[in-house]
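Reader: Before going through this model, I would like to know what the terms rest on. Please set each value against its definition.

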Amino acid sequence: MFLFIIFGAISIAAALGVILSRKPVYSALFLLLNFAALAAFYIMLQAQFLAAVQVIVYAGAIVVLFLFVVMLVGGGEIRDVTGLRPAGAREPSWTRIAALVLAVILVAGLGYGIITGALSAAQGSVETFGQGSVQAIGQALYTTYLFPFELTSVLLLVGIIGAVVLARKEQ
Amino acid sequence: MVPTSFYLILSALLFVIGVAGVALRRNVLIIFMSVEMMLNSVNLTFAALANHFMKLDGQVFVLIAMTVAAAEVAVGLAIVMEVIRHRDTTNIDDVNLLKG
């Protein structure tokens with residue numbers, strides 16, 4: 001419980017840092033902190049393999065990619081939080097009402113879930129769960145979920161080709 | 001032992017912060033980071049429920065979602081670079097035409 005509170009506070013503070021920082025570089029570094037805190041949660045949730053993948057893929061690859069782009073385009077200071085609307089722009093009359101309705105729905109849904117939210121009992125067993133070890137998750141990945149697993153390779157190929165095509169200079 | 005509902009509430013909070021980032025910020029890179037944060041909060045939900053139900057399916061879903069996120073970031077950042085190269089701005093309010 002103690003660890004949960006600490007890492008929860010870190011992750012929420014880092015998330016707020018991402019959206020409130022003036023400089024995109026700080027945002028990217030706060031994002032790194034957020035991902036690291038989530039990796040700690042994965043370990044607490046008996047998902048050690050996911051924690052490793054989280055650190056390698058998110059903290060390693062994705063944040064580095066963000067940092068590359070931020071530094072390529074120049075991470076200058078931006079002030080777009082203070083002025084939420086451009087000067088002279090009138091907001092349509094229905095936006096406040098729509099926002100209110102959506103907020104009420106969100107709070108009502110969360111409150112309903114918290115008050116009545118008795119989660120049903122465990123369905124699997126400790127044996128099949130296997131403490132989230134690499135062996136257990138590999139077993140599931142290569143038997144039950146073999147087809148989706150193979151499809152992700154196609155997805156990655158599409159991602160590579162898309163990035164190359166988009167980043168190439170026009171001839 | 002932390003109750004599963006705490007993880008769900010935490011992940012809802014992170015998701016809402018991500019939504020706020022998308023709604024409030026106008027810098028395309030920070031909006032993208034907020035989207036990544038929202039994806040991560042949903043991953044946390046999956047892992048928490050996998051732990052609760054003692055089934056590995058949730059963890060497999062998280063792995064696949066991470067693959068999708070990696071591909072999405074690669075393509076998305078390429079698009080961002082292209083937009084910046086064409087329009088010389090990171091403010092999405094300046095990029096409001098489909099045919100630009």
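Author: Domain bounds come from an automatic or database domain assignment. This is a predicted model, in which local features need pLDDT of at least 70, side-chain atom pairs count only at pLDDT 80 or more, and totals for chains, interfaces and linings use all residues. Residues are numbered from 1 along each chain as its sequence is written, and chains are lettered from A and ligands numbered from 1 in the order in which they are written.

Reader: What makes up the domains of chain A, and what separates their centres?

Author: The assignment gives domain 1 (1–78) and domain 2 (133–171). Taken over C-alpha atoms, the centres of domain 1 and domain 2 of chain A are 23 Å apart.

Reader: How do you know what span to expect for helix H2 of chain A?

Author: The expected span is 1.5 Å times one less than the number of residues. H2(A), residues 24–44, has 21 residues, so 30 Å is expected, and its first and last C-alpha lie 30 Å apart, close to that value. After H2(A) comes A:Gln46, with a positive phi near 60°.

Reader: What makes a run a helix, and how many does chain A have?

Author: Helices are DSSP runs of H or I with at least four residues, strands runs of E with at least two, both numbered from the N terminus. By that rule chain A has seven helices and zero strands.

Reader: Which residues of chain B count as touching chain A, and how many are there?

Author: Contact requires C-beta atoms, placed from the backbone, within 7 Å. On that basis 57 residues of chain B are in contact with 63 of chain A. H3(B) supplies the largest share of this side of chain B, 21 residues.

Conventions:
Contact = placed C-beta atoms within 7 Å.
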